[in-house]
Amino acid sequence: MATKIFIVDDHYMVIEGIRSILQEEKSIEWMGHASTAASCLAFLQKQQPDIILMDINLPDMSGIDLCKEVREKYPSTFIVGLSTFNQQSFIQRMMENGASGYVLKNATQEELMEAFQTVLKGKVYLSDDVSQTLRKNADAQIPVLTRREKEVLELIAEGLTNIEIASRLFISTTTVDTHRKNLLAKFDVRNTAALVKYAMLHKLI
Amino acid sequence: MVYQSIGLEDTQLNQTFSITIYRIVQEILNNTLKHANATTAIVQLTKHNNQLSVTVEDDGKGFDTSILTHSKGIGWTNIQNRIEFVKGHLDLQSRPGEGTSYHMEFPLPE
């Protein structure tokens with residue numbers, strides 16, 4: 001029986017590229033694609049593929065969240081993360097949310113087929129680059145943030161001043177400053193600009 | 001349970017002060033264990049200049065903080081008295097279903 005594949009990605013050329021790669025594979029049945037999380041969920045209500053290739057960056061929802069939702073609703077469908085980002089935090093969160101594998105968009109046809117075969121057996125597939133990244137960054141963990149720190153971080157990224165953040169969160173400006181200093185210390189950065197960059201890079205905001 | 005501290009490496013705190021902080025954290029964590037039904041909790045101590053800030057947070061079921069204005073509970077009264085005793089300030093965040101977060105700031109005794 002052919003393996004039913006579905007892809008969620010908002011880039012047309014990526015979809016077409018993968019489709020053409022898989023076209024000659026007899027063991028693959030192409031079910032189609034969705035370019036948003038919403039249309040993916042709508043599709044799944046009608047039909048369920050064996051494997052979904054899922055982009056991390058979607059216009060309406062992150063692939064990381066979509067992954068969780070799909071796995072909860074359709075536990076028999078496997079998910080393989082698909083992204084240009086070879087970054088530990090993305091990969092880790094995708095796997096935590098139930099993905100069975102992760103391939104980069106520079107994957108070859110062989111890699112892709114190997115990924116499908118591996119996850120169908122219920123095993124985890126990570127492309128070589130990805131598993132190297134995971135190993136390399138095993139020590140560089142993202143620090144644990146408290147709820148207030150996350151809120152302050154988001155508002156800093158929006159460009160608000162300490163005073164504005166204080167009135168938004170109903171706390172004093174000195175408290176905002178404490179949170180800001182804690183954030184700088186936790187991420188080991190010197191100033192707010194570097195803080196925002198770090199947070200963006202690790203998808204914390 | 002996650003514990004982390006920043007800037008406390010070579011800090012010596014006076015004993016009354018540190019025991020007071022300890023009892024506050026203990027009381028909060030006791031509440032977390034007893035009521036919150038949480039899976040994770042964070043205890044975080046940070047020091048900047050002459051201020052110590054303490055965050056105790058959980059991802060449990062949370063509660064409606066407005067009930068505290070009328071609360072005569074021993075635990076809560078204790079927490080408040082101890083915070084007041086060391087001239088601290090509390091920012092409490094909690095809502096049903098959204099966990100609980102205590103953030104406290106204390107001026108360090110000379």
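Reader: Why is A:D55 called buried?
Author: The relative accessibility of A:D55 is 2%, and buried means under 20% relative accessible area, exposed over 50%, and partly exposed in between (1.4 Å probe, protein chains only); A:D55 therefore counts as buried. The model is predicted, and its local features need pLDDT of at least 70, side-chain atom pairs count only at pLDDT 80 or more, and totals for chains, interfaces and linings use all residues. Side-chain values use heavy atoms, with hydrogens and water left out, while residues are numbered from 1 along each chain as its sequence is written, and chains are lettered from A and ligands numbered from 1 in the order in which they are written.

Reader: What makes A:K105 partly exposed?
Author: A:K105 has a relative accessible area of 27%, so this residue falls in the intermediate class.

Reader: How do you know that the side chains of A:K105 and A:D55 meet in a salt bridge?
Author: A salt bridge is a side-chain nitrogen of Lys or Arg within 4 Å of a carboxyl oxygen of Asp or Glu; here the N to O distance is 3.6 Å. The pair links distant parts of the chain, 50 residues apart: A:K105 is in the loop between β5 (101-104) and α5 (109-120) of chain A, and A:D55 is in strand β3 (residues 51-55) of chain A.

Reader: Why does the pair of A:R148 and B:D91 join two chains?
Author: A:R148 belongs to helix α7 of chain A and B:D91 to strand β4 (residues 89-94) of chain B, so the pair joins two chains. Helices (H or I, at least four residues) and strands (E, at least two) are DSSP runs, numbered from the N terminus. The side chains of A:R148 and B:D91 form a salt bridge at 2.8 Å, N to O, and both residues are buried. The interface of chain A and chain B holds two salt bridges by the rule.

Reader: Which elements give two or more residues to the side of chain A that touches chain B?
Author: They are α7 and α9 of chain A. The largest share, eight residues, comes from α9(A).

Reader: What makes the buried residues of helix α10 of chain A lie on the same side?
Author: In α10(A) (residues 192-201), the buried residues are A:L195, A:V196 and A:A199. They cover an arc of only 95 degrees around the axis, which puts them on the same side of α10(A), the arc being that of the directions from the helix axis to the C-beta atoms. A:A193 and A:K197, on the other side of α10(A), are exposed.
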